[in-house]
Amino acid sequence: MPLENIILSSYNKGDTLPVFIHAAQTWNHDFFWQSMKPGGGGRPSGVLLQLIERDFGSFEEMLNKFKTAALTQFGSGWAWLAYKANRLDVGNAVNPCPTEEDNKLVIAKTPNAVNPLIWDYSPLLTIDVWEVCTYMSNI
């Protein structure tokens, strides 16, 4: 079974079972580490920049909201930039933003292993809040 399917089938509306925790943390960390590269970062271009400007007003505003989400996530967790599709029927997961418009970029923060896949969102960028605290304390 693909890892994404294990995550979706084991989440159970917040009752984070060990299967979910291990599957989701594996997926989250793999996504986090594979999204980095030497010399990476900076302002995106093309369609992604257009969506950011449409949904946040500017790249700088998106960064501010992303940073705020990361800084205000208490304890272990994640901050996400994700694309919210037009599918709100998310099965056994509780959608945190059911009244917002669909088909847009959103910033979300999640505790522990939870990720946007459980809401049927498409993650684009994440930061591991716990990892950042560890690295920042060593600077």
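The side chain of Asn 115 reaches the backbone nitrogen of Leu 117 at 2.9 Å. This comes from a predicted model. The chain averages a pLDDT of 83, and 78% of the residues score at least 70.

**Around Asn 115**
- Asn 115 sits in the loop that links β2 (104-111) and β3 (121-128).
- Asn 115 counts as buried because its relative accessibility is 0%, and the cut-off for buried is under 20%.
- The side chain of Asn 115 also makes a polar contact of 2.8 Å with the side chain of Asn 28.
- Leaving aside residues up to four places away in sequence, Asn 115 touches Ile 7, Ala 24, Trp 27, Asn 28, Trp 80 and Thr 110.

**Helix α4**
- The 13 residues of α4 should span 18 Å at 1.5 Å a residue, and the end C-alpha atoms are 18 Å apart, so the two values agree.
- Buried residues in α4 are Phe 59, Met 62, Phe 66, Ala 69 and Ala 70.
- These residues lie on the same side of α4, because they cover an arc of only 95° around the axis.
- An α-helix has 3.6 residues a turn, so residues three or four places apart point the same way.

- Among the elements of the chain, helix α4 (residues 59-71) has the highest mean pLDDT, at 95.
- Helix α5 (residues 129-137) has the lowest, at 57.
- Over residues 134-139, pLDDT stays under 50.
- For residues 134-139, the model has one contact beyond four places in sequence.

Technical notes
Residues are numbered from 1 along each chain as its sequence is written. This is a predicted model: local features need pLDDT of at least 70, side-chain atom pairs count only at pLDDT 80 or more; totals for chains, interfaces and linings use all residues. Side-chain values use heavy atoms; hydrogens and water are left out. pLDDT is the predictor's confidence in each residue, from 0 to 100. Helices (H or I, at least four residues) and strands (E, at least two) are DSSP runs, numbered from the N terminus. Contact means heavy atoms within 4.5 Å. Buried means under 20% relative accessible area, exposed over 50%, partly exposed in between (1.4 Å probe, protein chains only). A polar contact is a pair of N or O atoms within 3.5 Å; within protein, one must be able to donate a hydrogen and the other to accept it, and residues adjacent in sequence count only if both atoms are side-chain atoms. The expected span of a helix is 1.5 Å times one less than its number of residues. The arc is that of the directions from the helix axis to the C-beta atoms.
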